[in-house]
Structure formats: structure tokens, C-alpha cells
Amino acid sequence: MINNLLNKVLLQPSPLPIRSYGSIEVIGDQLHIHHTNRGKVKSYTINLDGKDIEDKIKNEIAKISTQNHKLVAVSFHEHELHKKVASKLWVEEDIVSFLINDKSHHSTTTLERDLKYIATSFDKDNVAQIRISPENEVEITDLVSLADYQKITSRAEYSKLLSLAKSFYHRRLIYINATPQGGGVALMRHALIRLFRLLGVDAHWFVLKPNAAVFNVTKRKFHNILQGVAAADLVLNDQDKHLYNQWIKENALIFQAEFKKADVVVIDDPQPAGLIPYIKEANPQAKIIYRSHIQIETKLVDQANSPQAKTWQFIWENAHLADIFVSHPVPDFVPKDVPSQKVVYMPATTDPLDGLNKPLTDHQITYYLQLFNKLLKEESQTPLNPKKDYLIQIARFDPSKGIPDLLESYLLLTQRLAKGHIERPQLVITGNGSVDDPDRAPVFEQTLAIINSPKYKHLKNDIKVVRLPHIDQLLNTLLRKSKIALQLSIKEGFEIKITEALMKSKPVIAYRSGGMPLQVENKVTGFLAQPGNTKQVSDYLFDLLTNTSLYQHMSWAAENYYDHSLLTIPNAIRWLELSLQLLGKNLKDLDTSKRLDSPVQSI
């Protein structure tokens, strides 16, 4: 059914459904609904007649959808009603619910005011605005219930989670990173804090005050240098250090009160590492965890006077004060001056119930593909052809993501397919950006330049390159409808997009780089290629596209064999265990066998 629907809608494009917002209120035995309609407000009242409120709300929302509307979000005032229907609206209807804690008298004016509030919660692209408190805390939107997680979690694991959460009561855990949106760290924190709130865990997430000049330093002279993808002559200098230190001092003043209240503080990546001495000064009893999310080129770090050594020495001056150093499960990511007794291995994770992974209906998929084609049109690119398969790589436009290799692999594949008179698939290269990433525009422009070169000119209409707004369901849709997913990063911390593709039964072809091999079982759920070997990648693609039996086997294995420990529940368990162990024992007494994920010794 979905293929027929897609062919009809995408081959004969029609206007996107009107995106609208709603407010819902139950007063006595009546259901009051308001929703926006082309800039105006439509209101109506329905008698409940003793019918189930949940079903009635769902039925009325379905009616709005049949009027060519895409209801994005709705508001509620009653906590119990919101609690009953919010997760169903999100999981089944793809609607975000807001609980507005307002004791105002119920009236038409109140509901219309709610609509305006919700509308301001989304930008022009219909992307949810991340709300930041005056204290720079990220305000998390509730999407699902604890019962939803219980349904997809084993009894033993769920019981363990509840026990750990109970043990952590009256303790406070805070996370600090650079940005509330864009990249894997932000995605993990949204999911983790959302779950912790459902559990009653006192956990909070704060972000640094943004500064474009500092982000230019932290991305290019911290991140890129440590990963070994920066220009050879790029070096962290005294001016950079002064700029960074002044910025950190400003942020330390903002967070001073939070430092004093925290029992455990997690510092995500190098950007906030300079806060560690300030935390120690404000709250000597607090336990501090430094969480490294990137692939650190330790061989280069170990070379005296190398750009990597200079950058790492500057970061380590602060990070060495942390009680624990958490790395992805690859020992080579840990510089040799980090004491082994401080090292804990923890993988990146993804959430099965967020917009990136939750199930989508046929109509929801069709809507997001229409939206994708609209974005392509705005970039003066041809739309996706629903009658042709497509390959996909989802990643930031970053020097480490191997996009030139991806294009070269695709070129080699198409040449081989042409010799056999086999129709070539399309290629989608897409991803989100991040406010602390100045590389996204240059790499995007470089990608377009390659595609427009004589070498690729004949393939141009089959290659789709677009930077997407932060709509997770759009990425979810693109992965679900793809044929094969690729991740050809030349340097990579983990790249959880691999697991997200496997969850959707997509075979993955990835480089043997960083933490990516930990997710792909070679020749079972996908293929692992040597970095830079584009011929090998193209051969694997050819095999999957031309051998139906091989593809079906790998597709089945991908969905059934992906690592379930890379989900939010196990991640929450790891953080609670580690925090409790830090708070309950001296570091030297910790039983490391219970807190270390087994690392892969060689990749």
C-alpha cells in the first residue's frame, strides 16, 4: 500500500498538508478543541456522551488530519488527561503534547493563548524550539510514559533501572555540554534526561553560553585536531587559549549555584572541560566525570610538540582533575597520560521511542518524504524518484565524515552497474548541523562542488545533498525507505546512526574506523571496509544490490541482531551505577569489573 501511495503522491506532487497546532480542554462532559487553520483559529465543542475521552480525542484529531492538516502539537491543562493521552499522541499520531501549568479560568481566550504559546515553540521549519532557562538549563519536552519503556525492556533490566533510580533519590546529577541541538551528544541527553524525569531522578542538563569565536576554536583546534582531520599547520595558540579561558570564566559564574548543589557533574567533551577547576573550588565534594565522545588520535597525541599533543595538554590541564574519564569502548581513544584506574568505557546510545526511531505510519512517511522533496526543490535539486532505490549516508557535513569517499564509491558502483545494464540507485547525503560547528557550510559547499564537476555531472540528478532542519522523524523516514545505509567516516567516535539503520532492517556498509566496527557484524548485518578503499565499498554495494538472497539475509539479521545495549535504558543504568559507585566508595575501592563495558582491543 505504501509504495502505491508514495508513487501517487511523489510522482504527482501536491501541496504539503497544512501544519497546525491545537489546544484541548475537557470541561464537564464537553471536549473543547481549537486548532490553527491558515493563520486563523478554528474552534468547536463536542459532547462526550460518556464516551472514552482518549478515543474521542484521537478520533477528533484524525478528522483534522483528513482535512489536509498535519497537527504538529497540542496543549493540555489537566495533568491527568495529559498523562493519559500524551504518549499515544506521540507514538501513534506523531503529535507533541505540551502540559501548560496554568490555573487560569477555562475559556476560549485561554485556549487561543495556548495556541500562540505552542506556535512560538516551533520555528519557520516547524522544528521545536529548544527552550533554555535563565540558568542555561535545557528544558526537556515529555514525549512518552514510563510504561512505554517498560513494554520494550526486559523484566530484569527494568527492575534494575527502578532499583538504581530509587537508590539515587536525594542525589543530584548534572550534565554540561556545548549545545542543546545537533549531533549525537544532544540527542542522547534529551532522551536520557527525559527518562530520568519519568523515574524521579534529580538530573539536569545545562549548556554553555554560545560564542561563535570560541566555537571556531573548540571545533577546529580541539575536535578536528584531536581527530587528526585538521590542516597540518593548524595549531592551538595563546590567543585561542585566552579566548577560551575568558569564556569559561563567564560560564562558571552562570553555573556557580548549580555546582554547589550537584553531587555528580558530567562534562561532555572538551568544550566545557575548563569548568572542572571551578567545580572543584565551588564544591570539593562533588564527583566529576569527563565524558569523551570523539576519536582521539592518541598516536599523534603521544608525539611531542605535535598539534594534537599541544591541544590535548591544554585540555588535560583541566580534565585530569575529574574523578573518572569515560570513553567510547576503544582503548586507543584514551591518551596514555589518563590513569587506567580512572578509565570507564561506555558506548553511544539511541532511543527507540524518539523521533529518530519510533514506528511511523504510511501516511506519516508520505508526509515526511513530501517535506524532503520540498527541501530538495528549495536547493534547486530534483526530487526523489519513488520508483528507484536509494542509498543513504546521514551525518553532519564535517571533514571527518568521508563524503568525498562516499561519492567516489557511488561513482565506481554506477560504472559497474552500467556495464551490466542495471539501473543505478539514487544517493542521499544528508544530516543536521550544530550551532558549535563552523565546518558545516564549507563541507556542504565542497560536496556540491564535487557533484557539479565534470566527473559527476551525469550523476547529478540522482544525488541528493541537503542540510535538514532538526526534524527527527524526517531522518527516521529517510532511513526507513532507503535500500542500504553507509557510514564512511574516516575518523569517528561511535556514530550511533549505524545502529539506528540496523534497527530499521537496513544493511550497513561502514569503514573500520573508530567505534563503528563495534556495531556492524561483518558479512552478517553489513560490511566493514578499509578506510579509503572506495573500490571495496562499491563492490559491497554491488553485491547487495544484485544478490537478492544476500540482501534479504542481511536485512533480517540487521533488525534481529543489532545490539540492544545501545539503547537509552542500558545507558541510564550505566550512568546511575557509575554515579552511585563514585558516591559510595573511594575510587581505589571501585570494582571496575562491574562498571567497565568490555572494550575492543583492536579494530
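Biologist: Which residues of α9 are buried?

Modeller: Quick heads-up: this is a predicted model, where local features need pLDDT of at least 70, side-chain atom pairs count only at pLDDT 80 or more, and totals for chains, interfaces and linings use all residues. Residues are numbered from 1 along each chain as its sequence is written, and side-chain values use heavy atoms, with hydrogens and water left out. Helices (DSSP runs of H or I, at least four residues) and strands (DSSP runs of E, at least two) are numbered from the N terminus, while buried means under 20% relative accessible area, exposed over 50% and partly exposed in between (1.4 Å probe, protein chains only). By that rule, the buried residues of α9 are Asp240, Tyr244, Trp247, Ile248, Asn251, Ala252, Phe255, Glu258 and Phe259.

Biologist: And what do the buried residues of α9 pack against?

Modeller: Here we look for contact, which means heavy atoms within 4.5 Å. The elements that the buried residues of α9 pack against are β8, β9, α8, α10 and α12.

Biologist: How far apart are the end C-alpha atoms of helix α9?

Modeller: The expected span of a helix is 1.5 Å times one less than its number of residues. Helix α9 covers residues 238-261, which is 24 residues, so it should span 34 Å. The distance between its end C-alpha atoms agrees with that: 34 Å.

Biologist: At the start of α9, which residue's backbone nitrogen does a side-chain oxygen of Asn237 reach?

Modeller: Polar contacts are pairs of N or O atoms within 3.5 Å; within protein, one atom must be able to donate a hydrogen and the other to accept it, and residues adjacent in sequence count only if both atoms are side-chain atoms. That oxygen of Asn237 comes to within 3.1 Å of the backbone nitrogen of Gln239.

Biologist: Over to the strands: how many bridges pair strand β10 and β11?

Modeller: Two strands pair if DSSP finds at least two bridges between them. Val265 has Ile288 in β11 as its bridge partner. Strand β10 (residues 264-268) and β11 are parallel, and the number of bridges is five.

Biologist: Why is strand β11 described as largely enclosed by the rest of the structure?

Modeller: Strand β11 runs over residues 287-291. It counts as largely enclosed because, of its five residues, the number buried is four.

Biologist: What handedness does the β-α-β unit of β10, α10 and β11 have?

Modeller: Picture the strands pointing away from you: the crossover is right-handed if the path from the first strand over the helix to the second runs clockwise. The unit made by β10, α10 and β11 is right-handed.

Biologist: Which residue of β17 is the bridge partner of Leu391?

Modeller: Strand β14 (residues 390-394) and β17 pair in the parallel sense over two bridges. β17 points Ile484 and Leu486 one way and Ala485 and Gln487 the other, all of them buried. The partner of Leu391 is Ile484.

Biologist: And which residue in β18 does Ala485 stand opposite?

Modeller: β17 and strand β18 (residues 508-511) run parallel, joined by three bridges. Together with helix α17 (residues 497-503), they make a right-handed β-α-β unit. The residue opposite Ala485 is Val508.

Biologist: Is Thr447 buried or exposed?

Modeller: Thr447 sits in helix α15 (residues 440-451). Leaving aside neighbours within four places in sequence, it is in contact with Phe397, Ile403, Leu407, Ile429 and Val465. Its relative accessibility is 1%, so Thr447 counts as buried.

Biologist: Which residue's backbone nitrogen does the side chain of Asn522 reach at 2.8 Å?

Modeller: Asn522 is in the loop between β18 and β19, and at 25% relative accessibility it counts as partly exposed. Not counting residues up to four places away in sequence, it touches Arg512, Phe527 and Leu528. The backbone nitrogen at 2.8 Å belongs to Leu528.

Biologist: Last one: what is the relative accessible area of His421?

Modeller: His421 is found in the loop between α14 and β15. It is exposed, with a relative accessible area of 77%.
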